[in-house]
Amino acid sequence: MRPFEYQRPTTTDSALAAIAPGAAFIAGGTNLIDLMKLEVMAPDTVIDISRLGMDGIEEDDGGVRIGATVTNSDLAADRRVRRDYPVLSRALLAGASGQLRNKATTGGNLLQKTRCPYFYDTDTPCNKREPGTGCAAIGGEQRNHAILGTSEHCVALHPSDMAVAMRALDAVVEIRGAGGETREIDLEKFYLLPEDRPQDETVLEPGELIAAARLPAPKGTRQVYRKVRDRASYAFALVSIGAVLEMEAGRISHAAVAFGGIGVKPWRDGAVDDLLTGEEPSEGLFEQAGEVLMRDARPSDGTEFKVGLTQRLLKAVLTEATQ
Amino acid sequence: MSLDLKIDGPDREHRPDHLAQNVLGHEIDRPDGWLKVKGEATYAAETFPEGLVHGILVRAPGIGRVSCANLEDVRNMPEVLAVVRDERLLRNAAQGGANEAPVQGVDTAEYVGQPVALVVAETFEAARHAAVALTVEIDGVEAPVDPEAVVPEEPDNQISTRGDLDGAMRHAPYSIDVVYTTASMNSAAMEPHAATAVWDGEVLTLRGALQMLKFNRNELADSLGLPPERVRILAPYVGGGFGSKLGISADCVAAAVAAMELNRPVRVVQHRRDVFEVNVRRSETRQRIRLACDTQGRLTGLGHEALVSNLPKEEFFEPVLQASYFAYAAANRDLRLKAARINRPATGSVRAPGEAVGVTVFEAAIDELAVKTGIDPIELRLRNIPEKDPDTGVPFSSHRLEATLKDGSERFGWNERDPAPRQRREGEWWIGTGMAAAFRVNMITPAEARITLDGDRATVESDMTDIGTGSYVIFQQIAAEILGLPTGKVDVRLGDTAYPPGSGSGGSFGAASTGTAVWLAGMEIRRALAERLGCDESEMTLRDGYVTHGNRRVPLADLVGGGAFSGHGRVEPGDAQEKVRQATYGAHFAEVGVNDVTGEVRVRRMLGSFSAGRILNPRTARSQCHGGMIWGIGMALTEEMTHDRRDGHVVNRDFAGYHVPVNADVPPLDVYFVEELDDWAGPLQVKGIGELSICGSGGAIFNAIHHACGARLRDFPATPDRVLAALS
């Protein structure tokens, strides 16, 4: 671990004032500290944002506003979240372990790094870690890697469960800028595709801070989160699906289906949602949705199985959500 | 004086059954249990001698000639004390019982991840930062890393043929010819390998995470170029070993070399990422099983061929066929082990080397034969229990497979099972059950121990280790039983080469070997006490600190008087090994759910019935069996070291990527012991138990998967992708 300076401001303004090139915000630290120990990330200053009062969950115009430092445990246990957004609660509880969820925060979860093992191995090339060095995962061992949204420079997967549910819930990210101004951006547009710059993962500008995630009023009461993994707990998703649906008169009136374990970012495909919306549920429809979802999939020999697995899981999730 | 015993024949006295204290066979608390719960048991990295400094191992990022361009720059970094590039730094961990560790050099990396330097600094953090800063350059060479891509060696002594297997296969009414694979695995002990070395200018004292200290001392001495008398090793508590701590590893030599160079105590803790690379792993295997039988299910042909791997020059090869020599008999047989020389990290003994993967796969193949013949899998096994050792023709010392099969079958409710696969469904889940037999060779190895009786308090001493198995409590029980003392009056001191050399922990031989040495030491004291009383040792009764002979009853402390009694015991294997075949047996049962949508497999319950000689302490014995069964879950469902296809390096070298079973993966586990007093197992009739329960456990799970969903998996572990592929 490289020696670093630690600051613990008490106001958001002072935190924003302290941030500079080479500095990093830290909240729960469940990912950043691991990365710092390995010197995959080596900030010279660490600014602790856990005491800025950003840990509240509030009513917000029919929805909720979740402060950036609300822990995963608190968010999963929140009564409104459990009632109105059960898909989020279930996604959170499917992730990590109890100890990690007690520390990990909402903003940190959105920004967590890929679990590509080559990204963590500083003895191998990685375009995300060291731009321009190449990608060791391509031509190497892939399993927890993406099959959608990849590029010839990077196949890294976004590992979050929480963000998958938030994608299905049309979350909006509230961002504070260095000058104190606030801007909002749909989670859909928050993440970038790797293309030829896999080091750029989100639209956050230098010096910006996530203040909150906002969830609009729930658009569907039929909410399902399912996660397939290599062991029963404490494993990243091979595939996960968060679905928010509504039914009217036997037809799907709202469909929002998001995917984990397969995309370079928490994945959602408008064409899948459009295909489902207005239709009567049927096995054929769900199979068609799976075909549409995978139309541009680029699996490797280690991730080939995700195509079929996702399609099977999608069928099961949609069946459950529409019954 | 010493009471020595060579085990040449049976012991039918069964003395433990005629002693009076009655503490053997009971669930006595471990004396070290509370210390561990409270964090007071100090492990190798948990002592802090004055002036302690910290070393971090630096790994080779490739295979080939090694150089470090910025050595001097790193030496000049803040708080850095040394960058050690000593040729003595260990390249490959010593194999179990190696007793030597010749210099291997650091100029060439044989595998990715090999330690090539140690950076020492005043603080752990500074050392770690400097270790990252050290640039290791590799002048790379082409090296094979895929065991399937090289021509394997076929050592002559690893081939055993008899009759005509091909012919038997052709003519048999039923036969199978199948290929299974098992994955490269890691011991994954909770305590990472660690060493704290102190050099006083004369003696090197090392606190290590080690299993077999008498060998470890010689290995470290050999490595350092010191006579063994100038090396002392302490390992009073070890946080799991599973074979990976049998021989010294890189941390030990590096800490010792640095301590001697700097004249400061040096601690080296392997990072978890090192643990996956620099200690021995379990070889991946490819196993071809051929079985032929008559219409009654009696085996006429048996073939077991295994491909394993290791680094060039390493002598160990995973002894996959170890139980195949005696588990089942067939007139026509072909057993052969092939060894691929590849440049992945070294392989070595990992929990039940040989049977863990060999029996597991063989028992899955037997299940295939049972399905093919339509004979119940238990019945098929019962019909094939050999009368005598099919390999050598000698009798079995004891053979309780039938008893465990019947016991387990009854307790599990096997008879209620519909043998047809794919019959029981709950929602998305196919439910099925499977079973497998367990076989494991039984060993006794040379061991010594000493007991000192002072008043009515006894102290047991041996360099034996307790790696979590319960050595402390069973030696306490053995000494208490033979000396007639409450267990609270017996102190046990282990894990110090200053004590008599025990067996060390490995091969499940600790309880029988060192336990017998403790027994003999106690017997020597009994004889001395009897002499003082003027009677034969067997005529007196020792109980609760009193000695009774005839109508005379005296406090033990009075008989001992002012001076202390000392007894020394030594046991070694003898002709018994040639006269009989000795092994332990058991039966595994598992119920699993296979998700038809996702391919996930979850074990719903497991039951094991085992026979492993006299059970000294049912609680620690059961705990050992739980561990083995959980290993079986890991082997069957989750554990796999992934090697990069280009350079063989371990890709998933942490606990997020290498999936040991977590609590949610482990259902209720039922363990039962079938009584066995094997006369050939020494005066205590104690046999090895630790490893038996892993042997075959994963096979029961695989067989249950087939029964559940009708798909036969032949690649371990059965991850969802593999299950889905088999389902479709």
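Three bridges connect strand β22 of chain B to strand β23 (residues 546-549) of chain B, and the two run antiparallel. In this pairing B:Arg543 has B:Tyr546 of β23(B) as its bridge partner. Strands here are DSSP runs of E with at least two residues, helices are runs of H or I with at least four residues, and both are numbered from the N terminus. Two strands count as paired if DSSP finds at least two bridges between them.

Before we go on, a word about the model. It is predicted, so local features need pLDDT of at least 70 and side-chain atom pairs count only at pLDDT 80 or more, while totals for chains, interfaces and linings use all residues. Residues are numbered from 1 along each chain as its sequence is written, and chains are lettered from A and ligands numbered from 1 in the order in which they are written. The model scores ipTM 0.97 and pTM 0.98. For chain B the mean pLDDT (the predictor's confidence in each residue, from 0 to 100) is 97, and 100% of its residues reach 70 or more.

Back in chain B, β22 and β23 belong to an open antiparallel sheet of three strands, ordered β22-β23-β24. Its edges are β22 (541-543) and β24 (552-555) of chain B, each with a single partner strand, so one side of each has no neighbour in the sheet. From one strand to the next the twist averages 20°, with axes fitted as lines to C-alpha atoms and angles between N-to-C directions running from 0 to 180 degrees.

Chain A has an open antiparallel sheet too, with five strands in the order β4-β5-β8-β6-β7. Here β4 and β7 (182-186) of chain A are the edge strands, each pairing on one side only. Neighbouring strands are turned by 25° against each other on average, direction ignored. Strand β4 (residues 57-60) of chain A pairs with β5 (residues 63-67) of chain A through four antiparallel bridges, and A:Ile57 has A:Ile66 as its bridge partner in β5(A). Two residues lie between the strands of this hairpin, where A:Asp61 takes a positive phi near 55°. On to the next pair: β5(A) and β8 (residues 209-215) of chain A are also antiparallel, over four bridges, and in β8(A) the bridge partner of A:Ile66 is A:Ala213.

Chain A holds 13 helices and twelve strands. Its radius of gyration, taken over C-alpha atoms, is 19 Å, close to the 20 Å that the globule rule (2.2 Å times the number of residues to the power 0.38) gives for 323 residues, so chain A is as compact as a globular protein of that length. The C-alpha trace of chain A spans about 60 × 50 × 35 Å along its principal axes.

**Where the chains meet**

Which residues are in contact? Those whose C-beta atoms, placed from the backbone, lie within 7 Å. The contact between the chains takes 22 residues from chain A and 28 residues from chain B. On the side of chain A, helix α13 (residues 305-322) gives the largest share, six residues.

Conventions
Contact = placed C-beta atoms within 7 Å.
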